[in-house]
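Work through the exercises below with the sequence and the coordinates at hand. Each task is followed by a solution in steps.

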Amino acid sequence: MDMGSPRRGHGTGAGHGHGAADQGGPPQPEPGRNGAGVPRQAGPPPSAPPAAGPPPLPPTTPAVPSTAPLPPGTPPPLPTEAPVTGPPLADWLRIPRPEAEPGIWRCGYEPLPPVDPERTPARQLISGALVSFLMGWLVWSLLYNNYLGKYWMWPLLALTPESWRTGDDIGLYSDATNVYYVLVLLVIAAVFSRVGHWDEVWRRVVARVRRQRAAARRRTPVAAPRHAPAPEADPAEWPQLRLGGAPEAAERLAGEVRGGAMGDVDHARIERAWQSARGRTDRLRGFVTEVLRDGSAARVHPSGDRDLPTRAARHDLSVRQVRIGTAADHARNPQEYRGAGIALEPSLLGTSALAVGPPGSGKTTRLVRPVVESLCLQALTRQAAVVAVTASGARLAPDDAFDAVVRLGSPDSVYDLDLYGGTDDPDEAAGMLAEALVGDLTETLPGGDSRRAATALAQLIGPFRTVHGRFPAVPELRELLDGAGHALGALRAALEDGGHRAQVRELDAYERQSGRPGDTGALLADRIALLDRPAFADFFAPAAAPPPADPASGNAAPGAAQGPTPHRPFSLRALEHPLRVRVDLPERGHAEASRIFVRLLLAQFAECAVARADQSLFACLVLDDAAQAITPQSLRSLQRLRSGHAGVLLTLRALDEVPAPLRAPLLGAVGCRMVCAGVTPWDAEHFAEAWGTEWVQTRDVTNRQLVSDEPFTRLVHGVRRLATGKHVTAESVTVRTVQRERWSASDLANELPPGHAVVSLTTVRGERTPPVLARLGE
């Protein structure tokens, strides 16, 4: 089975490809490119020194930052790539982006013509055309050599004078005869061309030549269009600003585009600012003033960054897409997807996504990294907030691409993580913390979920906060859960001295339940002990008050305050800001603690994303390894995120990392599913069941031996058997419409080539795509 996927519709695509990157490591960005296929904006270089690589270009080069030209022997750009320095922003903006099915890379997309269900196979069509030509040639030969008589010449004899055939005008008769021969030939050709479908053969030949020429054009770098569109239809001239009452700002921005001082991030950021300012006089006046003053640097991100240090994927910020692969030109794929690019965007990630594949299948390098990179770029345009959780560290994305990097357990970490999610409500904080500590043990917990554990935690941290004005630190919470007499006695005395009777009753309820069957205090104490380690001694400092700031501006995050800790506290309450955050997990030596952190971040994200007052930003949590993070409560949270303009990207090595009762609900809770090459048949069976069946036509061919009682027929059959060595049979064809699995478990487990994946997508509006076979990274 050929899984090849010819490229199409990418000759003008924005960005560059790295589909050939080794699966074992991150794809390396090509020299001189910014991943979007357009020059980066002019501006100061990033504060951190660039990674080791080719020497930089001379200072006269306008693209910043940039690297050396391609070394000798490097193959030319792929058909979908832009030139080495990328097309100018104006030309890139003029590339058509037609509406397409969900998940299709729209930049330069050219839809294929629909498939004709009654299309004649090429071999049968050519055979018929050849046979009809031979028949026509035979008829003409028989007529010309008078084997069929001369009756076909009577029209010529009837229309020409007798003197032409016997007199001196014999030359005229000869000319008339030649013309008549041509007419007869044309009539024969018309009849047999219709019989042999010569017109269809010609159309297919022309279409094949055109496809070959188009493929040759795609192999060449993108060229600037010869003629620019009219100003009112030219996106590089900002016609929406001119029509919206801001012609001065439009002229300033158009000059920035023509001068090469604006990049694709600037364009998307200012377009976003215009969308929020138009129609409001007060905002429009401020927008125009800022654009006239700062130009393409207007409304810059609080961090001051206008681009990422490097890009490893192709991005189209005008439609918020990132390309992750190319659909194979295969019969299993729908016609509109064959050869087209596969891309993700917030409208798809808003339904949450799950990718399953063994190590080395490309989940991190070809899916997670492009998505994180795209969300970081969208955060710079003030359209998204992203939190990436990984154990890969800078291999996922460099530190300079983020506003805050939380290295849990590392003394070099600048930021800390708020254990209670920046909330002031003890019940809400207890629910999130209980989900993190014992959410994976719901099968053994009373009630089958973490609600009883959350109640026990709330009965402790609520009174503690009433007395101390903050939630307990990890060592203090461990003492309370262990039932230390001095800790509980001191807390009770402080509550009684303050007259907090309601909180005393909470503490009494906890002490009555302690030690009884079904008590979760001992289990919670065992789990919190995993966080009470020397490596985490300087982390998880409780917040006393929530100052309104965010890490993007270099200050503490909302929902957290500067405490007695060398780290700046970070809280997911800051998701209302366009944040770029990476959380590094301490996998080595603290594997169980890392799983607790993953469940904690997932629980906090689900609560904070939905509770945002301003949900205009798309918030996304990326879990590079979601092993043991899936719980009944997290599945319920995933389904609530769609209404909060948020989503989660999960990756798993296998579905065995999810409890068996939750595997089918997990596939039902996410809208986007991806299964990579190399999965086991057991995992593939779950995906095959989730994708369901479809109606297909099957052809059953039956051969039965012919037996005759007539002597002559038996003699003929005997001769044929001696000649062919087979019995004479009659073929019977039965065509039926039956339901078949879109992708069977055997196909998913055994027939996917390396580097390929089967992807199905769902938009937040409910549009679904069938499973599409795609090659990742192209």
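A residue is called buried when its relative accessible area is under 20%, and exposed when that area is over 50%. The model used here is predicted.

**Exercise 1.** Locate Arg269 and decide whether Arg269 is buried or exposed.

Solution. Start with the secondary structure: Arg269 belongs to helix α9, which covers residues 264-277. Next, take the accessibility of Arg269, which is 1%. The cut-off for buried is under 20%. Arg269 is therefore buried. Finally, list the contacts, leaving out residues up to four places away in sequence: Arg269 touches Ser296, Ala297, Ala298, Arg299, Val300, His301, Arg306, Leu380 and Thr381.

**Exercise 2.** State which elements the buried residues of helix α20 pack against.

Solution. Helix α20 runs over residues 632-641, and its buried residues are Pro632, Ser634, Leu635, Ser637, Leu638 and Leu641. Then look up their partners: these buried residues pack against α13 (426-438), α19 (591-610), β11 (646-652) and α21 (660-669).

**Exercise 3.** Find the residues that form a nonpolar patch on the surface, and give their accessible area together.

Solution. The patch consists of Leu130, Phe133, Leu134, Trp137 and Leu138. Together they have about 550 Å² of accessible area. For Leu130, the element is helix α2, residues 122-144. An α-helix has 3.6 residues a turn, so residues three or four places apart point the same way.

Key:
Residues are numbered from 1 along each chain as its sequence is written. This is a predicted model: local features need pLDDT of at least 70, side-chain atom pairs count only at pLDDT 80 or more; totals for chains, interfaces and linings use all residues. Side-chain values use heavy atoms; hydrogens and water are left out. Helices (H or I, at least four residues) and strands (E, at least two) are DSSP runs, numbered from the N terminus. Buried means under 20% relative accessible area, exposed over 50%, partly exposed in between (1.4 Å probe, protein chains only). Contact means heavy atoms within 4.5 Å. Patches are made of residues with over 30% relative accessible area and no salt bridge: like charges are joined within 9 Å, nonpolar side chains (Val, Leu, Ile, Met, Phe, Trp, Tyr) within 5 Å. Accessible areas come from the Shrake-Rupley method with a 1.4 Å probe; for residues, only the protein chains shown count as cover. A salt bridge is a side-chain nitrogen of Lys or Arg within 4 Å of a carboxyl oxygen of Asp or Glu.
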